[in-house]
Amino acid sequence: MRVVMECAIPGKLLCASTSGLWNPRKVVLSRRNTGLSAHNNLCSSKFKIKAQTHHTSQVGIAKPTNLTDSDIQGFVWPSPTDEIPFWKKEFPSWDANLELPSEQTKDSKLMHIVHVTAEMAPIAKVGGLGDVVTGLARACLSRGHTVHIMLPFYECIQKHQINDLTLITTYNSYHDGNWIPTNAYHGVVSGIPVIFLEPSCQFFKGRQVYGGSYNELEAYMFFSRACLEWMQVTGTQPDIIHVHEWQAGALPILYWDMYHHLSLKNPRIVLTIHNMEHYGECRQEQLSMCGLDGSLYATFDKAVDDRTVGHNPERLSLLKGGIVYSNAVVTVSPTYLKETLCSGWLSSTLMRNRDKYFGIVNGIDTTMWNPSTDVFLPSKFNVKNSEGKKLCKYYVQRGLGLASGDHVTDTTLKVPLVVCITRLVAQKGLHLITHAIKQVEELGGQMVVLGKAPDHRVEREFEDLADSLNQGPSIRILLMYSEELSHLLYAAADIVLVPSMYEPCGLAQMIGMRYGAVPVVRKTGGLADTVFDMDDESNHEMANGFVFEGMDEASLNCALDRAFACYRNKPGEWNCIVKKVMKMDNSWNNTARKYIEIYESVTAS
Ligand code: ADP
């Protein structure tokens, strides 16, 4: 039964200022009367910094070289004692800035592409998946394609972040013997039309995207089927259904073994694997909950988890099923493609499907990540005029209590500032991150870690480190997720550190470069495809950072030492690298075309 209801939900109120340029003075003026916190410690959940001697104040006295009077006069600096931390201030609406680039040439064959995903930046972002879906969707829209994103309507999504949110369909979708009434809403986020699915059960309830008190595997299988069911009830027949990660891994199976035999004929399926570590382990009975006979998929050539063959019970993998049943499979860098063909239990499945398996390095959305328009930055900058970057650095140093004294001084600005912005999970090289903290301190630099640990033991370990180091003059460990602070840190950083054990693509190094931070990375996956060592004589043209190979502390030390030495002893050379990395084009313009070619190669007509 299909019931269509038109029901207006109040849309997002856009900020009146669409100029996109945030005037720090304006914002700070409105904050000036808030005064200082009664406490000497700023305590924002996981952020504790003892107040230094300085307070929020105007600065304009000790002018460092190259900063002009107009840069610093009237500038009001944040302080760790501010009642509202500097990254939580009211910023102009971000979305208002995000028009699609209109100058992009249109593709000749235009398609309808629907992404089915568990994440979307900025409204439901946990890591790079969210950035990639939004960036690729925007790139394809600007090339003239019709694009939709289908996303669970997580309870944690703030409705005011969605433009023109409207209930468009109420329909039933199957789960475990029941037909669950489900609302489909339409809204616009960052210029992209989004269909939000909201089942009337407990799925997707909770304060975070992941980790709610429902069975995640069952929820995403429900979502996968609900997307197809919605297409069927509304007669939507896209050319491409682009599914992401294990969460949508059941969709290709459901499509080819169920909905294609019903009314969906036109779509072809592309799967992008952003991280092979998560493979959607699933029991046969669980797969049966979405209406398939789970026992039929427990074979080597379908969805059995190869490692469990002969075990009782054998397990299935939604990711493997997705690989087998998709028309094309993409992973997010050529090096990760090679790595996954050589190792890991999915390698034999990938080898068997080699002809349809591609490696395309991710892009970054250069409108969302643009230091010359970024609404979160106190001062904008670009490759031709990078003075604003110094102001951003000093702003962050002041706000985090890393600046010495009340005045802009060369001494503070000359301390190399390293940032590491990451999910705190083993993949990201936790032992190297903790080691880097010590090493940077020893080298007389400063380091800020912005990270969230889903594992409580890891969280406690970093909390202990934060407790012992956050009061000091050089290290800040901020255990939280903050999009705003991440923009400020990339802008402030001299060095962005990505010491991952493995890294399918990695966005932090590309974003960092766009904001003039030189990358120090481990040579793995997409890091190996995007960062090339400064001291590699054979590849001087591409050289743009400092690379190490080993997983040990000595290897990391070597790269950090070289970066610090260059920063300190060869400022001219350092400035050249900064300019070079800012000029690099890691935008979707470069890579979206490769996705389009894959879409074209698999479409039905
Ligand atoms: P992954 O997808 O494995 O998390 P990526 O490097 O591909 O790693 O993407 C990470 C994205 O998430 C980047 O945009 C990074 O800035 C962002 N990010 C990671 N941790 C945080 C955090 N604690 N706060 C804000 N942004 C974060």
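The model is predicted: local features require pLDDT of at least 70, side-chain atom pairs count only at pLDDT 80 or more, and totals for chains, interfaces and linings use all residues. Residues are numbered from 1 along each chain as its sequence is written, and side-chain values use heavy atoms, with hydrogens and water left out.

## Ligand contacts

## The surrounding shell

The ligand is surrounded by 20 residues, each with a heavy atom within 4 Å of it. Gly 128, Asp 131, Arg 423, Lys 428 and Tyr 490 are the closest. The shell comprises 8 nonpolar, 7 polar and 5 charged residues, where Ala, Val, Leu, Ile, Met, Phe, Trp, Tyr, Cys and Pro count as nonpolar, Asp, Glu, Lys and Arg as charged, and the others, Gly among them, as polar.

Because domain 1 (112–363 + 592–604) and domain 2 (366–585) both give residues to this shell, the ligand lies between them; the domain bounds come from an automatic or database domain assignment.

## Phe 564

Phe 564 has 2% relative accessibility and is therefore buried (under 20% relative accessible area, 1.4 Å probe, protein chains only). The C-alpha atoms of Phe 564 and Pro 416 are 7.2 Å apart, although 148 residues separate the two in sequence.

Methods. Buried < 20%, exposed > 50% of the residue type's maximum accessible area, 1.4 Å probe, protein only.
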